[in-house]
Amino acid sequence: MSPPPPPVPWRLREMLQGYPGHVERLQEVLSYMLEEPAPGVDPFERAIWLLEGRLETFIFEAREELKAAVASGDEKAVELARAKESLMLRAHSKNGGLFDLSELQSYFGRPQARYEGSRSPTLDWILAVIVLASLLVGLREYNQYSQQQRAARLSAHLDAFLGPAESTSADDEWTEAAPEDEGLDP
């Protein structure tokens, strides 16, 4: 006897209560997951991927219904189709229907994270360190670029104020350009 399939997360069930067929289709996806295991793939992550895929299907179907309603010219049908599309988008959102995955986490024996989401806190720390390191490298490069830009602007201002400098020796020492004689006879 096989174990019962994982439950559809409560928030999705609550959001889609007006569409029981959609909740049933989500449950079918989770049942399929047990019937067709994927070796080497984390079952919790796979469950999330399958739910996301089915929710994307719901969004596509809602958009098709909206197109048909617009083509029909029925304002009431257009309004209902827009509301359905909006609901399906919220259901697919990490801040909406996929916000609380605690039931799935419990089903798969995963510890509850300090927040509700599909990634582990360790992965979040690794990603945070990578992002921080990237920012620091970027700031360092920006600072070097800024110093070069400031030096170039300062040089341009000095050239404008003092006149251009000329190189007088092989070791590139810079001296002020000599003023030209202005018609002075000796």
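Predicted model: local features only at pLDDT ≥ 70, side-chain atom pairs only at ≥ 80, totals over all residues.
Residues are numbered from 1 along each chain as its sequence is written, and side-chain values use heavy atoms, with hydrogens and water left out.

Let's begin with the overall layout. The protein chain has six helices and two strands, and along the sequence they follow the pattern α-α-α-α-α-α-β-β. Helices (H or I, at least four residues) and strands (E, at least two) are DSSP runs, numbered from the N terminus. Of the 186 residues in the protein chain, 24% are buried. Here buried means under 20% relative accessible area, exposed means over 50%, and partly exposed lies in between (1.4 Å probe, protein chains only). The chain exposes about 13200 Å², with carbon and sulfur atoms supplying 58% of it; such areas come from the Shrake-Rupley method with a 1.4 Å probe, and for residues only the protein chains shown count as cover. A contact means heavy atoms within 4.5 Å. Among contacts between residues at least 6 apart in sequence, 55% join residues at least 24 apart.

H2 covers residues 20–35, which makes 16 residues, and reaches 23 Å from its first C-alpha to its last, close to the 22 Å expected at 1.5 Å a residue. The expected span is 1.5 Å times one less than the number of residues in the helix. The buried residues of H2 are His-22, Val-23, Leu-26, Val-29, Leu-30 and Met-33. They cover an arc of only 115° around the axis, which puts them on the same side of H2; the arc is that of the directions from the helix axis to the C-beta atoms. The general rule is that an α-helix has 3.6 residues a turn, so residues three or four places apart point the same way. On the other side of H2, Pro-20, Glu-24 and Glu-35 are exposed. The buried residues pack against helix H1 (10–15), helix H3 (43–72) and helix H4 (75–92).

Just after H3, Gly-73 takes a positive phi of about 80°.

Now for the charged pairs. Side chains of opposite charge can pair when their charged atoms come close. The structure holds six salt bridges, each being a side-chain nitrogen of Lys or Arg within 4 Å of a carboxyl oxygen of Asp or Glu. One of them joins Lys-84 and Glu-65, with the closest N and O atoms 2.8 Å apart. Lys-84 lies in helix H4 and Glu-65 in helix H3, so this pair ties together parts that are 19 residues apart in sequence. Lys-84 is buried, with a relative accessible area of 10%, whereas Glu-65 is partly exposed at 37%. Not counting residues up to four places away in sequence, Lys-84 touches Tyr-19, His-22, Ala-62 and Glu-65.

Another bridge forms where the side chains of Lys-94 and Glu-52 meet (2.3 Å, N to O). Lys-94 lies in the loop between H4 and H5 and Glu-52 in helix H3, so the pair ties together parts that are 42 residues apart in sequence. Lys-94 counts as partly exposed at 45% relative accessibility, while Glu-52 counts as buried at 17%.

A further salt bridge links Arg-13 with Glu-103, the closest N and O atoms being 3.4 Å apart. This pair connects distant parts of the chain, with Arg-13 in helix H1 and Glu-103 in helix H5 (residues 102–107), 90 residues apart.

Back to His-92, as promised. His-92 is partly exposed, with a relative accessible area of 22%. Not counting residues up to four places away in sequence, His-92 touches Glu-52, Leu-55, Glu-56, Ile-59 and Leu-98. The C-alpha atoms of His-92 and Leu-12 are separated by 8.8 Å, although these residues are 80 apart along the chain.
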